[in-house]
Amino acid sequence: MGSEHQPGNERQRPIRVLVAKPGLDGHDRGAKVMARAFRDAGFEVIYTGLFQTAEMIANAALQEDVDVVGLSILSGAHMSLFPPIIDALHEVGRDDALIVAGGTIPTEDIPALEALGVSKIFGPGTRLQDAVAYIHDHAPVRTDVP
Amino acid sequence: MVNQPLSQPGLAARVLAGDRAALARLLTYLENDTEIGELAFEKLYPHTGRAHLIGITGPPGGGKSTLVNELIREYRQRGANIAIIAIDPSSPLTGGATLGDRIRMQEWHADPGVFIRSMASRRFGGGLARNTLAVAHAFDAAGFDPIIIETVGSGQDEVAIASLAMTTLLVQVPGTGDGVQTLKAGSLEIGDILVVTKGDRPESGELARDLRNLRHVALAAGSEQTGWTAPVIKTSAVRQEGIDKLLDAIGEHRQWLEESGEMETRLLTIVSTEVTSRVQEALYRQLQRPNAGDETTRNIIDRVTARQLTPQQAATQIFSRIRNGSS
């Protein structure tokens, strides 16, 4: 995971980001704030909102052909919800997208999530511009459709 | 990380064979005018022209996406494979967009007979994205029929969808104005079918009545020459009412188009519009070329600033330079 900066291969189109909230907690303020910040950064944000299953997220990532999958979670269930999401993305062939997460995720869980394939966790207090900058720098640049 | 390109020569074949990942990637290629997309499109185009393109337009928050979700349900019950192109506006300031139509259509994630793709308008105008029709053609080649194009939420004057779709549904929302609104020119005239959404609301009956009355006036005045009178259909997603009637009306319209010969006319309009817009784009790109900003062009612009030329005179001069290849 991570990004490679390819000289001479500049991004020529808006980054497409899926913003989804897996699980059953109803706190979507954070996801909406992030969606708005991404929009203001010039990204095209597919916002699917609350109560997303792994299959819904994978299907949206596939059909929308996103560059980034952003997961927001405040329920504390990330350790049980994220593995099936990564599996589902893998199954549809979209685990090549940059996967990031935000919400209330304890720091001790971060290494396990990173090992799973989540590139970056944006914890409470993350500045919006830092999340935007991270995606800007790490979203894959495709050689076939830069 | 750099994504592996799906750009093998077999892309078109994979799309024809029903490969959803290949289709999704092709749509990205088409949306972004890539050469890979154009090459695949050349192979796919002979396989298009089968699907019925249905446009849906109406005001923001008018229930278009919710209506689309109900249409998906009914079309799936009738055994059709259905594709949706859902367009939302891009920011004029940042170019970013929130594509939020899909949120109303989430129950189909496990159904291979439904494919939903969101597009940002990228400031194309008319409530559409520039490559909307190319994306629709790709869905057509992949075997989807019908294909629903949901426009950006629109006001009174966005009529471009009617030169792209075979059947245009115009959504009208109860409680947003009195009967005078139904008298106005513009969007109201392009609806092949008028849909009053939120039919569970008390004002919906009055709106449907106003729209129907208007239709009778148009009939009596003989101002509707086409032979098709737009029906007014009241729907309620909450009560799941009116959707079957709407599907029947779409079917009747399709049948009328075919029997009356109007389908040929509309297909001709669609194709001409598409070709013309490609020509416009080519000319526009020509204008954007570095040497189009050369000294002569700048001099012409300066003369407009100095009020020595009108914008039209300047445009004529610049256009003739482009046409003569002298730029």
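**Exercise 1.** In β4(B), which residue is the bridge partner of B:I84?

*Solution.* The model is predicted. The bridge partner of B:I84 in β4(B) is B:I116.

**Exercise 2.** Give the strand order of the open sheet of seven strands in chain B, and say which strands stand at the edges.

*Solution.* Step one is the order, which reads β4-β2-β5-β1-β6-β7-β8 (chain B), with parallel pairing. Step two is the edges: β4 (114-120) and β8 (232-234) of chain B each have a single partner strand, so one side of each is left without a neighbour in the sheet. Step three is the twist, which averages 20° from one strand to the next.

**Exercise 3.** Find the strands of chain B that α7(B) lies across, and give its angle to β7(B).

*Solution.* Helix α7(B) lies across β1 (53-57), β6 (167-172), β7 (193-196) and β8 of chain B. Relative to β7(B), helix α7(B) runs at about 170°.

**Exercise 4.** Classify the packing of α4(B) against α7(B), and list the residues that make the contact.

*Solution.* Start with the geometry. Helix α4 (residues 64-77) and helix α7 (residues 243-260), both of chain B, pack at an angle of about 75°, and their axes are 10 Å apart. Angles of 65 to 115 degrees count as roughly perpendicular, so α4(B) is roughly perpendicular to α7(B). Then list the residues: α4(B) contributes B:E70, B:L71, B:E74 and B:Y75, while α7(B) contributes B:I243, B:D244 and B:L247. Sorted by class, the residues of this contact are four nonpolar, no polar and three charged.

**Exercise 5.** Describe the side of chain A that touches chain B: how many residues are in contact, which elements supply them, and what is their make-up by class?

*Solution.* Begin with the count: 37 residues of chain A are in contact with 35 residues of chain B. On the chain A side, α1 (29-40), β2 (44-52) and α2 (54-64) each supply at least two residues. The largest share, seven residues, comes from α2(A). By class, this side of chain A has 16 nonpolar, ten polar and eleven charged residues.

**Exercise 6.** How many bridges join β2(A) to strand β3 of chain B, and which residue of β3(B) is the bridge partner of A:I46?

*Solution.* Three bridges join β2(A) to strand β3 (residues 97-99) of chain B, and the two strands run parallel. Within β3(B), the bridge partner of A:I46 is B:L99.

Definitions and conventions
Residues numbered from 1 in each chain as written. Chains lettered and ligands numbered in written order. Predicted model: local features only at pLDDT ≥ 70, side-chain atom pairs only at ≥ 80, totals over all residues. Axes fitted to C-alpha atoms, helices over the stretch in contact; angles between N-to-C directions. Helix = DSSP H or I, 4+ residues; strand = E, 2+ residues; numbered from the N terminus. Parallel < 35°, antiparallel > 145°, perpendicular 65-115°, else oblique. Contact = placed C-beta atoms within 7 Å. Nonpolar A, V, L, I, M, F, W, Y, C, P; charged D, E, K, R; others polar. Pairing = 2+ DSSP bridges.
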